[in-house]
Amino acid sequence: MGKLQQHLLGLIAFSLVAISIVALWSGSTQPLFAIMLRVGFGLLAIWLAWPQLMRGEWKGSLLVAAILVGLVVLLAARPRYVPVIGGILILAGAIQLGLRYASRMLGRSSGNRTRRE
């Protein structure tokens, strides 16, 4: 049943994004299409993470979940903050990758030493 749900979620997400892009491209100024675009992108993110979510590999803490919900509410209320929040997320990702790379390099250098008794 999980694969069917994943395919339906992907189909709905792509449909929402496609319809909203076509409508906004043709010059529609209705907020409904902007909302459809946001919801479609959110569903696409869930669709991409579906296998990990179903296996239970994502074990986020309550703090991380609260921050994510807060960011979603903030972006829904103030869409002009998208570049600021995007920059913060890119910076946080770069720091995470840098720390991961540094820990691997430190792990390799300490693994090369032999223990003398």
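Biologist: How many residues line the largest pocket of this model, and which of them lie nearest its centre?

Modeller: In this predicted model, the lining of the largest pocket consists of 22 residues. Nearest the centre lie Phe-41, Gly-42, Ala-45, Leu-68 and Val-72. The volume of the largest pocket is about 1,000 Å³.

Biologist: Which helix gives the most to the lining of the largest pocket?

Modeller: Helix 2 does, with 11 residues. Helix 2, helix 3 (62-77) and helix 4 (82-111) each supply at least two residues of the lining. The chain itself has four helices and zero strands.

Biologist: Helix 2 also contains Val-39. Why is Val-39 called partly exposed?

Modeller: The relative accessible area of Val-39 is 42%. Buried means under 20% and exposed means over 50%. The value of 42% lies in between, so Val-39 is partly exposed.

Biologist: How far apart are Val-39 and Leu-16 in sequence and in space?

Modeller: They are 23 residues apart in sequence, and their C-alpha atoms are 7.6 Å apart in space.

Biologist: How many aromatic pairs does the structure hold?

Modeller: The structure holds one aromatic pair. Phe-14 and Trp-47 form it, with 5.3 Å from centre to centre and 75° between the planes. The pair links distant parts of the chain, since Phe-14 is in helix 1 (residues 2-25) and Trp-47 is in helix 2, 33 residues apart.

Biologist: How do you know that Phe-14 and Trp-47 form a pair, and what makes the pair edge-to-face?

Modeller: Ring centres must lie within 6.5 Å, and the centres here are 5.3 Å apart, so the rings pair. Planes over 60 degrees apart count as edge-to-face; the angle here is 75°, and the pair is therefore edge-to-face.

Biologist: Are Phe-14 and Trp-47 buried, partly exposed or exposed?

Modeller: The relative accessible area is 45% for Phe-14 and 23% for Trp-47.

Biologist: What share of the chain is buried?

Modeller: Of the 117 residues in the chain, 12% are buried. Each of these residues therefore has a relative accessible area under 20%.

Technical notes
Residues are numbered from 1 along each chain as its sequence is written. This is a predicted model: local features need pLDDT of at least 70, side-chain atom pairs count only at pLDDT 80 or more; totals for chains, interfaces and linings use all residues. Side-chain values use heavy atoms; hydrogens and water are left out. Buried means under 20% relative accessible area, exposed over 50%, partly exposed in between (1.4 Å probe, protein chains only). Rings of Phe, Tyr and Trp (its six-membered ring) pair if their centres lie within 6.5 Å; planes under 30 degrees apart count as stacked, over 60 as edge-to-face and the rest as tilted. On a 1 Å grid over the protein atoms alone, a cavity is a set of points where a 1.4 Å probe fits but cannot get out, and a pocket is an open set with protein on both sides within 12 Å along at least five of seven lines; lining residues have an atom within 4 Å of a point. Grid points are joined across faces, edges and corners, and a volume is the space filled by probe spheres set on the points.
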